[in-house]
Amino acid sequence: MFSFNMLLSVLALTLLVLSAEASTGGTPNHNYDLSGQALTDLYNTPVQKAEWMVRPLGNLPGIVGPVSHTGVRVTLPNGSKWLIHKGGNYGIDSQTVVTDARHMSSAWRTMMTKDFNGRKRVADFVKTGGATYNLLFNCHVASMRMMLQ
Ligand SMILES: *[C@@H]1O[C@H](CO)[C@@H](O)[C@H](O)[C@H]1NC(C)=O
């Protein structure tokens with residue numbers, strides 16, 4: 001019987017080994033969907049549920065190169081869903097960004113679900129995802145940290 005954390009670590013490690021990480025994910029909208037007060041409200045909203053999600057990247061040059069992009073999709077008390085993910089040049093102040101999950105392509109798959117029941121806010125996920133992006137602190141590490149917080 002695998003524990004949640006153990007399974008998560010194994011999956012994350014597999015992804016890390018396989019992936020040299022994408023600098024551009026090909027997702028159309030990496031910008032914040034909200035600004036000002038709406039963004040502040042979103043950041044202060046508690047998270048009910050978080051899903052660890054993976055999206056395969058197309059056009060793989062053999063085994064070398066990025067094979068997947070990961071992020072965390074959160075569900076808020078009002079039922080809306082947001083994708084929190086990280087990538088090079090995704091954001092302005094931080095490379096971890098929040099986007100409306102309605103923009104996600106159908107290629108995204110849920111690997112794991114965790115109930116937070118309001119223990120963390122959206123802001124905690126963004127903070128855990130980290131501001132700086134590099135090979136060692138990439139989307140996989142960021143999304144794993146978000147799930148484990
Ligand atoms: C749900 O709450 C978020 C965060 O406050 C807000 O941005 C969003 O517009 C709300 N969605 C709906 C459908 O009410």
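**Ligand surroundings and a helix pair**

In this predicted model, an oxygen atom of the ligand lies 2.4 Å from an N or O atom in the side chain of Asn 78. A ligand oxygen atom is likewise found 3.3 Å from an N or O atom in the side chain of Thr 45. Asn 78 and Thr 45 both belong to the group of residues around the ligand, which also includes Leu 34, Asp 41, Leu 42, Leu 76, Ser 80 and Trp 82.

Attention now turns to the packing of two helices. Such a pair is described by the angle between the helix axes and the distance between those axes. For helix α3, spanning residues 122-129, and helix α4, spanning residues 139-148, the axes come within 8 Å and cross at roughly 140 degrees. Because of this angle, α3 is oblique to α4. The crossing in which α3 passes α4 is right-handed.

On the α3 side, the contact is made by Phe 125, Thr 128 and Gly 129, while α4 contributes Ala 142, Arg 145 and Met 146. Classified by residue type, the contact of α3 with α4 comprises three nonpolar residues, two polar residues and one charged residue.

Methods: Residues numbered from 1 in each chain as written. Predicted model: local features only at pLDDT ≥ 70, side-chain atom pairs only at ≥ 80, totals over all residues. Heavy atoms only, no water. Axes fitted to C-alpha atoms, helices over the stretch in contact; angles between N-to-C directions. Helix = DSSP H or I, 4+ residues; strand = E, 2+ residues; numbered from the N terminus. Parallel < 35°, antiparallel > 145°, perpendicular 65-115°, else oblique. Left-handed = near helix turned anticlockwise from the far one by under 90°. Contact = heavy atoms within 4.5 Å. Nonpolar A, V, L, I, M, F, W, Y, C, P; charged D, E, K, R; others polar. Near = heavy atom within 4 Å. Polar contact = N/O pair within 3.5 Å; in protein donor to acceptor, adjacent residues only side chain to side chain.
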